[in-house]
Amino acid sequence: QVQLVESGGGLVQAGDSLRLSCAASGRTSSMYHIAWFRQAPGKEREFVAAINWSGGSTSYAASVKGRFTISKDNAKNTVYLQMNSLKPEDTAVYYCAATVERRASYDYWGQGTQVTVSS
């Protein structure tokens, strides 16, 4: 089992920056990919960014590429999402999720943290 807890959300203005954190606990050695997803009101959940827990390779949604950066600190079992140049359309609940043991599905999810960007 892996437990994930997000933090760092809040209310900011367009153009501001925010850093989200995802603290993992439990069987962290089994984690393979950690990703950030987001869900805006009335919309489906969408992929934002992912990082390989051991190798560090990353991937991003086109809508955030160049503005968001995903990173990790293995010693702290924490993944970060640095969000710059925030836009009102980035407003959503942000979730981190993990795959384990090279499985493709994100089986472990955090409770989410709200990010609101005002224009």
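The model is predicted.

The protein contains eleven strands and zero helices. From the N terminus on, the order of elements is β-β-β-β-β-β-β-β-β-β-β. The radius of gyration is 13 Å, close to the 14 Å given by the globule rule for 119 residues, so the protein is as compact as a globular protein of that length. Along the principal axes, the C-alpha atoms fill a box of roughly 40 × 25 × 25 Å.

Contacts were then examined by their separation along the chain. Among contacts in the protein with a separation of 6 or more, 53% join residues 24 or more positions apart. Of its 119 residues, 42% count as buried.

The charged side chains number 12 positive and 9 negative. The centres of these two sets lie 5 Å apart.

One residue was examined individually. Ala62 sits in the loop between strand 6 (58–60) and strand 7 (68–73). Its relative accessibility is 74%. Exposed residues are those over 50%, so Ala62 counts as exposed. Val48 lies 14 residues from Ala62 along the chain. The C-alpha atoms of Ala62 and Val48 are separated by 8.5 Å.

Terms used. Residues numbered from 1 in each chain as written. Predicted model: local features only at pLDDT ≥ 70, side-chain atom pairs only at ≥ 80, totals over all residues. Heavy atoms only, no water. Helix = DSSP H or I, 4+ residues; strand = E, 2+ residues; numbered from the N terminus. Rg over C-alpha atoms; globule rule 2.2 N^0.38 Å. Buried < 20%, exposed > 50% of the residue type's maximum accessible area, 1.4 Å probe, protein only. Contact = heavy atoms within 4.5 Å. Lys, Arg positive; Asp, Glu negative; His and termini not counted. Charge placed at Lys NZ, Arg CZ, Asp CG, Glu CD.
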